[in-house]
Amino acid sequence: MAPYESDDAVGAAHEGAARDGAPGPGRRKAARYAVPVAVVGVAAATIGLVPALADSGDPDLPKITAQQLVDKMAKSDVQRLSGTVKITTDLGLPDLGGLENGLLSGADHGGSGDGSSADPRSRLTELASGMHTLRVAADGPDRQKVSLLERGAEYSLIHDGKDVWGYDSKSNEVYHSTGARTGKERRAEPPATPKDFADEALKAVDDTTSVTVDGTAQVAGRDAYKLLIRPRQSGTTVGAISIAVDAKTWMPLKFTLTPRSGGAAVVDAGFTQVSFDRPAASTFDFTPPKGAKVTEEKDAPAKTPAPEHGGDLAGGLGGLDVLGKGWTSVATADTGAKGGLPTGSQGGDLGGFLGSLGDPVTGRFGKGTVFSTRLVNALITDDGKVYAGLVTKETLVKAADAGK
């Protein structure tokens, strides 16, 4: 049976599917790694996707199967919209006093770093943690705008024809590039709307996944169907992904990913307001403010390109392989650094700090340290290998043993 099922079929089919969470020894490329990587890139492969609140009341809509709903989502072609999106990400990371944002963004938001604080490749990675409000607008494939609202400041990314502008009002810095962006360049940007997240999640659907229609909801005042995606395997940290799909345009309005451990969602992205009318043309106009520091793309420091999604991910991560299948797939790479992380006395204060964040583990692979979040976990072995995935600590150890 295909992974798209009726509600009555949940739990009844695929009883023989793999449930022990132990990846097999074969190495393969896995599309599902596009979900965490799309948000924060390789350095934060410990990120997944947290839910926006739906309006009260469940609308009475015609029955639809999961396959029909997915097909309609695939055919949806919304070209014009404007609205407000709230995104909350809760990985359960320790409070680093704001350091985690700097590590993820790779930029000094005060403008004193090596790059521009208005560079979108740096700024939009802030969505990897905390609560954020975005204003979004689109008028066809050549005109889009995303504004990240901050306390007393705003960051905007505007695409208007051949021009792409990034503007940080706090530092009064502008980033500008020209030329049509390729699909690869667009994919390097983090997801900013429920549709972005949903597109990535649907790439992960295979025979290790259950996909059903889970009733209806109202989101941003619009009637929607709820698509529920659940892993069948027991070794994953993913509990469920819920996508609210607009009943008229078939565009995702809300995306929620909850961990198997329970509690608050890891990622919640949803419209609180949306209109499918054409935005005013002035929405996409931009002229650098007087006195602003303008960085042209050719003047910007070179950056490592973000990995491709899907099948090209392994190559994009510089030799990364994948062990296992489905939701218990584990990405692995050899850093070549022997001795593991500088934890304990050999690493000084930094070593003690890193050691406090991880758990020592042993296995046939040897010794290592597991760093855990609520969604993506990573094992770094003393012989320099890294194992990471949407999996439990026990599954990482089994992957390391299998890959030995």
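This briefing covers the sheets, packed helices, nonpolar cores and salt bridges of one structure. The model is predicted. An open sheet of 12 strands has mixed pairing. The largest nonpolar core has 56 residues. The salt-bridge count comes to 12.

**The 12-strand sheet**

- The strand order is β7-β8-β9-β10-β11-β1-β2-β3-β4-β5-β6-β12.
- At the edges stand β7 (209-219) and β12 (293-296), and each of them pairs on one side only.
- From one strand to the next, the twist averages 15°.
- Strands β1 (residues 80-89) and β11 (residues 267-275) run antiparallel and are joined by 8 bridges.
- Within this pair, Ile87 stands opposite Ala269 in β11.

**Helices on the sheet**

- Helix α2 (residues 66-75) packs on the sheet and touches β7, β8 (222-231), β9 and β10 (252-259).
- The direction of α2 makes about 110° with that of β8.
- Helix α6 (residues 194-203) also packs on the sheet, with β1, β8, β9, β10 and β11 as the strands it touches.
- The direction of α6 makes about 55° with that of β10.

**Nonpolar cores**

- In the 56-residue core, the residues with the most contacts inside it are Leu69, Leu227 and Ile243.
- Strand β9 (residues 238-246) supplies the largest share of this core, 5 residues.
- Beyond its neighbours within four places in sequence, Leu227 is in contact with residues including Ala66, Leu69, Val70 and Met73.
- Other contacts of Leu227 include Leu202, Val211, Ile241 and Ile243.
- Leu227 also contacts Thr212 and Ser242.

**Salt bridges**

- Side chains of opposite charge can pair when their charged atoms come close.
- Arg222 and Asp246 meet through their side chains in a salt bridge, at 2.5 Å from N to O.
- This pair links distant parts of the chain, with Arg222 in strand β8 and Asp246 in strand β9, 24 residues apart.
- Asp246 has 1% relative accessibility, so it counts as buried.
- Arg222 counts as partly exposed because its relative accessibility is 21%.
- Arg143 and Asp160 form a salt bridge at 3.3 Å, N to O.
- Here too distant parts of the chain are linked: Arg143 lies in strand β3 (residues 143-150) and Asp160 in strand β4 (residues 153-160), 17 residues apart.
- Asp160 is partly exposed, with a relative accessible area of 25%.
- Asp163 forms a salt bridge with Lys162, and their closest N and O atoms are 3.7 Å apart.
- Asp163 has a relative accessible area of 18% and is therefore buried, under the 20% cut-off.
- Lys162 counts as exposed, at 52% relative accessibility.

- Strand β13 (residues 321-323) pairs with strand β14 (residues 330-334) in the antiparallel sense, over 3 bridges.
- The two strands form a hairpin with 6 residues between them.
- In the turn, Gly324 has a positive phi of about 90°.
- Asp321 has Thr332 in β14 as its bridge partner.
- Strand β14 is also joined to strand β18 (residues 385-389) by 4 bridges, and these strands run antiparallel.
- Ala333 stands opposite Val386 in β18.

Terms used:
Residues numbered from 1 in each chain as written. Predicted model: local features only at pLDDT ≥ 70, side-chain atom pairs only at ≥ 80, totals over all residues. Heavy atoms only, no water. Core = buried A, V, L, I, M, F, W, Y, C linked by side-chain atoms within 4.5 Å. Buried < 20%, exposed > 50% of the residue type's maximum accessible area, 1.4 Å probe, protein only. Contact = heavy atoms within 4.5 Å. Pairing = 2+ DSSP bridges. Axes fitted to C-alpha atoms, helices over the stretch in contact; angles between N-to-C directions. Salt bridge = Lys/Arg side-chain N within 4 Å of Asp/Glu carboxyl O.
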